[in-house]
Every structure is written in C-alpha cells, then in structure tokens.
Amino acid sequence: MTGAARRFLSGVGLLLRGIGLYVRSPGLMLLGVVPALISGALFAAAFAALVYFVDDLAALVTPFADDWPTTWRGLVRVVAGLALLGLGGLLGVLTFTAVTLVIGDPFYEKISERVEDRLGGTPGAVEVPFWASLRRSLADSLRLVAVSVLVGVPLFAAGFIPVVGQTVVPVIGAAVGGWFLALELVGAPFYRRGMGLAQRRSLLRADRPTTLGFGVAVFVCFLIPLGAVLVMPAAVAGATLLARRSLGQSIEEG
C-alpha cells in the first residue's frame with residue numbers, strides 16, 4: 001500500500017511537473033492560449049449576433065402577443081429577449097470548454113512534441129499521414145467514450161444510493177474518470193511512435209497507481225469551472241512525461 005501510494009503521488013507530481021514545464025516556457029504558453037483566444041472570439045461574435053437580432057427572435061418566440069396592447073406586448077418581448085440572452089450566455093459557458101478543446105487539438109499536439117524535444121526527442125518516431133492519424137485518433141476516442149459511458153451510467157445510478165452514493169461512488173468515479181483521461185491524454189506521444197490504444201493501455205496498466213495519480217489530479221482540475229481550458233496545455237505536457245516514463249525513456253531535461 002505504501003508503494004502504491006508513493007506511485008500515486010508520483011503520478012500527481014507528473015501533472016505538477018507538466019505545469020512547471022508549461023509556465024516556464026513562453027512558447028508553450030502561447031500555444032496553449034491560442035485555442036482559448038480563437039474560441040473566445042467565436043463565442044463573442046456569436047453573442048454579439050444574438051444581441052443584434054434579439055428583438056426579432058423575441059418577436060418570433062412570442063407570436064401570441066402580436067395582438068396585445070403595445071405596453072403588454074413590449075413587456076413580454078423584453079422578458080423574452082432577456083431570457084434568450086440568458087440562455088445564450090448559459091449555453092456559451094457550457095460549450096466553451098468543449099469547443100476550445102476541439103480547436104486546440106493541433107496546438108496540444110505541438111505542445112507534446114516540443115516537450116519531447118526538450119527531453120531528448122522521440123525515440124522510434126514514425127511518420128504517420130495526417131488523415132490516417134486523425135482516423136485512428138477518432139476511432140480510439142470513440143472507443144474510450146463508449147467504454148466510459150458503459151461504466152459511467154451504473155456509477156450515476158449508484159449515486160442515488162444513500163451514504164454510498166455520496167462517499168464511495170465519487171471516489172470510484174474520480175478513479176474511473178482519471179484512468180480514461182490519462183489514456184486519452186497520452187495518445188499523441190504514443191501515436192508519434194506508431195502505437196495505438198491497445199499498446200498504451202497495456203503500458204499504463206503496468207504502473208496503474210502512477211497513471212491513476214496523474215489522471216485523478218487532472219480530473220479534479222477539470223471539475224473547476226474553465227479548469228479544462230486552463231489546465232489542458234499543462235496536462236498534455238504532463239501526459240507526455242507519463243508516456244515517456246511508461247516507455248522507460250528519460251523524463252529529465254537536457
């Protein structure tokens with residue numbers, strides 16, 4: 001147990017080291033910020049368009065008020081307009097992280113590659129065509145999502161069990177979520193070596209406590225509002241360290 005706990009903490013340490021690598025490198029920080037800036041610009045433009053057309057949309061969703069007196073019709077449509085703006089803002093907050101992560105995929109890939117270069121390069125690197133890499137990445141991601149849903153649904157149901165649902169289930173959920181996050185985040189360095197999901201699952205399973213320590217730490221950070229956007233670049237750097245460690249390669253700079 002002591003050895004497992006020590007390895008779990010070393011996994012947490014890999015995320016902290018990833019954060020250190022990220023914040024000490026202006027180049028990596030710039031790469032990590034770009035996806036959020038692009039996503040922010042898109043959402044700002046979308047919300048500005050909503051504000052511009054909100055009067056027309058309010059009239060569209062309140063056709064029943066067309067024949068009402070002007071005062072009451074105006075009041076109802078002001079309320080409808082405010083509701084539409086509130087809904088737009090809520091949807092923006094809920095989807096901002098997901099959109100930013102999708103936009104950021106090539107930037108995070110580059111962050112992982114630069115971290116490897118700082119650690120001595122990528123032994124056994126292979127040249128994989130972009131579309132082939134994309135297809136394999138999507139297929140692996142769909143498999144991970146499918147398995148996580150199969151595990152997540154029973155955990156969600158178990159959450160309604162008194163006491164157990166509020167104590168044991170969250171811990172299990174964090175462990176399961178952390179495992180799948182770690183599997184997903186180490187994808188880039190494994191792909192660069194021509195290795196797929198089955199191989200990275202096998203290698204990470206060989207040191208499960210370290211993998212769980214890293215994955216659970218990332219999972220907890222992602223629970224913070226906008227945590228995924230802020231932590232993802234550093235998590236990618238930490239995942240690169242985890243991948244190299246699982247492959248028996250150096251994780252020391254220089």
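Me: Where is the kink in helix α9 centred?
Reply: The kink in helix α9 (residues 227–246) is centred on Pro233 and comes to about 40°, where the bend is the angle between axes fitted to the seven residues ending at a residue and the seven starting there. Helices here are DSSP runs of H or I with at least four residues, strands are runs of E with at least two, and both are numbered from the N terminus.

Me: What sort of model is this?
Reply: This is a predicted model, in which local features need pLDDT of at least 70 and side-chain atom pairs count only at pLDDT 80 or more, while totals for chains, interfaces and linings use all residues. Residues are numbered from 1 along each chain as its sequence is written, and side-chain values use heavy atoms, with hydrogens and water left out.

Me: Back to α9: is it mostly covered or mostly open?
Reply: α9 is mostly covered, since 17 of its 20 residues are buried, a word that stands for under 20% relative accessible area, with exposed meaning over 50% and partly exposed in between (1.4 Å probe, protein chains only). Just after α9 comes Gly248, which has a positive phi of about 75°.

Me: How many helices and strands are there in the chain?
Reply: The chain has 9 helices and 0 strands, and buried residues make up 37% of its 254 residues.

Me: Which residues have the most contacts inside the largest nonpolar core?
Reply: They are Leu15, Leu185, Phe214 and Val218, in a core of 39 residues; such a core is a set of buried Ala, Val, Leu, Ile, Met, Phe, Trp, Tyr and Cys residues joined through side-chain atoms within 4.5 Å. α9 gives the most to this core, with 11 residues.

Me: New topic: where does α2 bend?
Reply: Helix α2 (residues 26–61) bends by about 60° at Phe53, and the buried residues of α2 include Leu50, Val54 and Ala58.

Me: Is Leu57 buried or partly exposed?
Reply: Leu57, which lies in helix α2, is partly exposed, with a relative accessible area of 30%.
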